[in-house]
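Visitor: I would like to learn how to read a core and a sheet in a model. Please show me the case first.

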Amino acid sequence: MEERTLFTKIIAGEVPADIVYDDNDYCAFRDIHPASPVHVLIVPKRVIPKITDAGPEDKEILGGLLLTAAKVARQLGVDESGFRCVINCGKDGGQEVPHLHLHLLGGRLLGWPPG
Ligand code: AMP
C-alpha cells in the first residue's frame, strides 16, 4: 500500500495547499513557511521517503523532478532572475517530511553558503 504522508494528503486534496502546478507525476505547492518570496515544494506523487532511498529505477522520476523545477520556475517568473533548488535529506539535512521533495526558492538574492 502507498505510504501516507502529509504531502500525499495535500496531493489527494485532503489537506489544503496553494497548488501552483500539477501533472501525472508531480505536484507543486507553496511552502506554508516561505523562506523567500517564491518558495515552492515540488513533490513526486510516488512516495520515495528520501533521496538515499532512490534507486536506478527512479532515474526518470528524479530527472523529471529537475525538469519540473525549471518549468515551475518559468511559470512563476524567476527563471531569468535566478533561483535555488534544495533537497534536504535526513536529520542534519533538516528534512521534516519523509516524502522526497525539492524546494524551489527565489524572488530575492539568496546567500551562500546557507547558515
Ligand atoms: P523539509 O524540511 O525539507 O522536509 O521541508 C518540509 C517543508 O514543508 C517545510 O519547509 C515546511 O514549511 C513545509 N510544510 C509543512 N507543512 C506544510 C503544509 N501543510 N503546506 C505546505 N508546506 C508545508
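Visitor: Which residues does V72 touch, not counting residues up to four places away in sequence?

Guide: A contact means heavy atoms within 4.5 Å. By that rule, V72 touches V20, Y21, A28, V40, I42 and L104. This is a predicted model: local features need pLDDT of at least 70, side-chain atom pairs count only at pLDDT 80 or more, and totals for chains, interfaces and linings use all residues. Residues are numbered from 1 along each chain as its sequence is written, and side-chain values use heavy atoms, with hydrogens and water left out.

Visitor: How many residues does the largest nonpolar core have?

Guide: In soluble globular proteins, nonpolar side chains tend to be buried together. A nonpolar core is a set of buried Ala, Val, Leu, Ile, Met, Phe, Trp, Tyr and Cys residues joined through side-chain atoms within 4.5 Å; buried means under 20% relative accessible area (1.4 Å probe, protein chains only). The largest one here has 17 residues, and A28, V40, I42, V72 and L104 have the most contacts inside it. Helix 2 (59-75) is among the elements that each supply at least two residues. Helix 2 gives the most, five residues. A second, separate core of seven residues includes F7, F29, L41 and V97.

Visitor: What is the strand order in the open sheet?

Guide: Helices (H or I, at least four residues) and strands (E, at least two) are DSSP runs, numbered from the N terminus. Two strands pair if DSSP finds at least two bridges between them. The order of the five strands is 1-2-3-5-4, with antiparallel pairing. Strand 1 and strand 4 (83-86) are at the edges with a single partner strand each, so one side of each lacks a neighbour in the sheet.

Technical notes
Buried means under 20% relative accessible area, exposed over 50%, partly exposed in between (1.4 Å probe, protein chains only).
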